[in-house]
Amino acid sequence: MSRDESLPDPGRRLVFILALACGVSVANVYFAQAISPLIASGLGVSQDSAALVTTATQVGYAAGLFLLVPLGDRVRHRPLIVTLLLLTGLGLTAASLAPALGFLVGASAVVGITTVVPQIIIPMAAGLVPDGRRGALVGTLLGGLLAGVLLARTFGGVVGEWLGWRGPYIVAAGLALVLAAVLAVTVPTTAPTSRERYPSLLAATLRLLRTEPDLRRSVFYQAMLFAGFSAAWTSLALLIDGPVYGFGAQVVGLIALAGAGAVFCTPVAGRWVDRKGPEVVTLVCVLGAIVAAGVLVAGSLGGGVGLAAVILGMLLLDIAVQCGQVANQARIFALRPEARSRLNTVYMTGTFTGASVGSWLGVRAFMLWGWYAVCGLVATLALLALLRHTLRRSTQGAAAQAPHRTEAPTSP
């Protein structure tokens, strides 16, 4: 069985708490995007230098995904989750006290490493339900995660304008510690699915990347989409704060709040995955990201028309990326039930490596060529994902027509 029969199905209350935990935790990776100009002003550095805070958090998150998430297969989930939240709270506190940019970048990397709780919760929860409900459950948890991604920028922008750039770090530290206390009594007791030693877990993670073509494909799809997503959001603060609009961090937060409608799409995407399979949803999401890039181009016009285009384009991009996440994670969780944390490690490490590179490329593109270049970058990355999806379909079609083959390969 792909589900641990010794555990009860999660009720609505537990699912809500887990979704909330995903959202609050993941917000730590994103709220700095909205306050980058405030950090630059407060620490007396350039805006592109201040953007290193976001990049460092995402690089740390990618490292934490590789180094810590595999432990979800080896140790009990409850103590692992609570410990990581406590460490995240301490890292955020250190960041709030940073005297200079270098210290803040280092503290942000530490926060990124420890704030991988959502990627431990999601595989754990996937093992609590039968196969036919997995897409819907993953979609619900990712809805909570998406709410955290979007509202993080609203939170960062609004609190940053009121209390300065250190304010969001102080509040986030308090939330992490409260969440640790709540999850210490609500996360169900689970048994590890592996007895392998830690080095063996990491080695097994790398073997999965080599032996599972559907895992490699899922990583590529989401890395491309998430790189474009991260490039757009990291550059958006520079656009809104620049001469085209001349607004502050609070407006970036309000734009993120306007995109909160995407939260309601991930549960729908999960049910669609359960009925149609992940391939259809993946294709729709990739095409949606390309359309979003086209809409975002009009953001360079400024004024009401430009701002409306930014809001609509970011909403479409949010929906595409987060629904793509549902499809890709449903695909990989069906591969090897006993290794879901390790599968998720590979997947999310690749995804956030893409996000880190996307943040860096987005800022470079904006500083050199402006918002048009950022939109072009988003479109190019989505087109690469579309090309990979098209090549897979072509390969499967050719294999199905070959009379001497009894089974088409899953992926080239």
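The model is predicted: local features need pLDDT of at least 70 and side-chain atom pairs count only at pLDDT 80 or more, while totals for chains, interfaces and linings use all residues. Residues are numbered from 1 along each chain as its sequence is written, and side-chain values use heavy atoms, with hydrogens and water left out.

The protein has 17 helices and zero strands, taken as DSSP runs (H or I, at least four residues, for helices; E, at least two, for strands) numbered from the N terminus. Of its 412 residues, 58% count as buried, that is, under 20% relative accessible area. Among contacts (heavy atoms within 4.5 Å) with a separation of 6 or more, 82% join residues 24 or more positions apart.

A nonpolar core is a set of buried Ala, Val, Leu, Ile, Met, Phe, Trp, Tyr and Cys residues joined through side-chain atoms within 4.5 Å. The largest one holds 129 residues, and those touching the most other members are Tyr30, Ile39, Leu104, Tyr169, Leu236, Leu317 and Phe352. Helix α11 (residues 213-241) gives the largest share of this core, 17 residues. Beyond its neighbours within four places in sequence, Phe352 is in contact with residues including Tyr30, Tyr61 and Phe226.

On a 1 Å grid over the protein atoms alone, a cavity is a set of points where a 1.4 Å probe fits but cannot get out, and a pocket is an open set with protein on both sides within 12 Å along at least five of seven lines; lining residues have an atom within 4 Å of a point. A volume is the space filled by probe spheres set on the points.

| Space | Volume |
|---|---|
| Largest pocket | about 480 Å³ |
| Largest cavity | about 70 Å³ |
| Second largest cavity | about 50 Å³ |

Of the 23 residues lining the largest pocket, Leu20, Gly23, Gly144, Ala147 and Gly148 are the closest to its centre. Helices α1 (12-30), α8 (131-163) and α9 (166-186) each supply at least two residues of this lining.

There are three cavities of 30 Å³ or more. The largest cavity is lined by 13 residues, and Tyr30, Leu145, Phe226, Gln325 and Phe352 lie nearest its centre. The lining of the second largest cavity includes Asn28, Phe31 and Tyr169.

Key
Buried means under 20% relative accessible area, exposed over 50%, partly exposed in between (1.4 Å probe, protein chains only).
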